[in-house]
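Hello,

I promised to pass this one on to you, so please have a look when you get a moment.

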Amino acid sequence: MRAARLVSLLCLLQVRGSMNGPELARELEVSERTVARDVLALAEAGVPVYAERGRGGGYRLLGGYRSKLNGLHREEAEALFLSGVPGAAIDMGLGEAVEAARLKAAAALAPPFQDAPQRVGQRFHLDAPRWFREAETPALLAEIGRAVWRDLRITADYQRGERLVRRELEPHGLVLKAGVWYLAARCDGRFRTYRVDRFRGVGEGEEFVRDETFDLAAFWDRTAEEFSRSLLTLDVEIRLSPTGLRRLRGMVDGPAAAEAEDAAGEPDERGWVRTTFRAESLQVAFAQILALGPEAEVLAPEPLRQDLASAAERFAELYR
């Protein structure tokens, strides 16, 4: 533990040039007395570190000194790739590893480039959750994340509808989609997706052998597309104005909009086209078509057409 702290202290001085006792104590989460002892230990080990007294003073390294102690541990090297999404890394219990990796990477850079992490942080930030939604960290995310990182089997109690089921899982990866965490895990020889916030209990088991051919990104893309398509069970025949056709992609699901555009017939004399798109239900289709306003006319199914006609009459009465 102390060795890691000494490396962190050395990297901090190498990156920032000079830091006083209180600043180092805050960064390292120790007392100023501990900082003084650590600096003395570095000096005794041959590191040219010295203290400047007075206003503006602090601890410094002798000019030009560069440490070779900034090699990354395996966990830090892996966590470095999560440094662009610090919130997600912290939620998975990897916050300390990410911070240590970023510090060592910064210390390894030549002096003219040591401000690169700060420049990037000032210019780019990833905010994964959707608007108007309170992002919540699932209670068991850290435990599941640890099992994913260490290739450990888990025995999980999972809420499936009204039932609580127990599953033996081999967790291969985690996905954060619009603020919701999902686990990709192998169960009974097949890969499946589980919402992390539906886990009610997790117990760690022995290490398992990963499927090295498993591609998390490809699996997620395929699963997401299959899930999206499984929801689209209603065919809606529709006429669209040129404006309505342009707006369709913003009103309905991406794959459904693309298929509707491909299926569109030749424009009539007014530029309107006929096509079909798939929706989740009459209620969802009603809201989607209503958003297109007078740029769309439903031809089928008849119940949807009648609902829209009734809504149009209410609109007319409301604004008369």
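**What I found**

Of the chain's 320 residues, 35% count as buried, meaning under 20% relative accessible area with a 1.4 Å probe and protein chains only. Please keep in mind that this is a predicted model, where local features need pLDDT of at least 70, side-chain atom pairs count only at pLDDT 80 or more, and totals for chains, interfaces and linings use all residues. Residues are numbered from 1 along each chain as its sequence is written, and side-chain values use heavy atoms, with hydrogens and water left out.

The chain has 13 helices and 11 strands; these are DSSP runs numbered from the N terminus, with helices being H or I of at least four residues and strands E of at least two. Among contacts (heavy atoms within 4.5 Å) with a separation of 6 or more, 60% come from residues 24 or more positions apart.

**The sheet of five**

An open sheet of 5 strands runs in the order β7-β6-β5-β4-β8, with antiparallel pairing; strands pair if DSSP finds at least two bridges between them. β7 (190-195) and β8 (199-207) each have a single partner strand, so one side of each is left without a neighbour in the sheet. On average, neighbouring strands here are turned by 45 degrees against each other, direction ignored. β8 pairs with β4 (residues 152-160) over 6 antiparallel bridges, and Asp157 stands opposite Gly201 in β8.

Helix α8 (residues 141-150) lies across β4, β5 (163-177), β6 (180-187) and β8, at about 70 degrees to β5. Axes are lines fitted to C-alpha atoms, for helices over the stretch in contact, with angles from 0 to 180 degrees between N-to-C directions.

**Around β3**

Strand β3 (residues 58-61) is joined to β1 (residues 18-19) by 2 bridges, antiparallel. β3 also pairs with β2 (residues 49-52), again antiparallel, over 4 bridges. Tyr59 of β3 stands opposite Met19 and is also the bridge partner of Ala51.

**A helix pair**

The axes of α10 (residues 242-251) and α11 (residues 254-263) come within 8 Å and cross at roughly 155 degrees. That makes the two helices roughly antiparallel, a term for angles over 145 degrees. From α10, Leu245, Leu248 and Arg249 make the contact; from α11, Gly254, Ala257, Ala258, Ala260 and Glu261 do. These residues divide into 5 nonpolar, 1 polar and 2 charged, where Ala and Leu are among those counted as nonpolar, Glu and Arg among the charged, and Gly among the polar.

Best wishes

Definitions and conventions
Buried means under 20% relative accessible area, exposed over 50%, partly exposed in between (1.4 Å probe, protein chains only). Angles under 35 degrees count as roughly parallel, over 145 as roughly antiparallel, 65 to 115 as roughly perpendicular and the rest as oblique.
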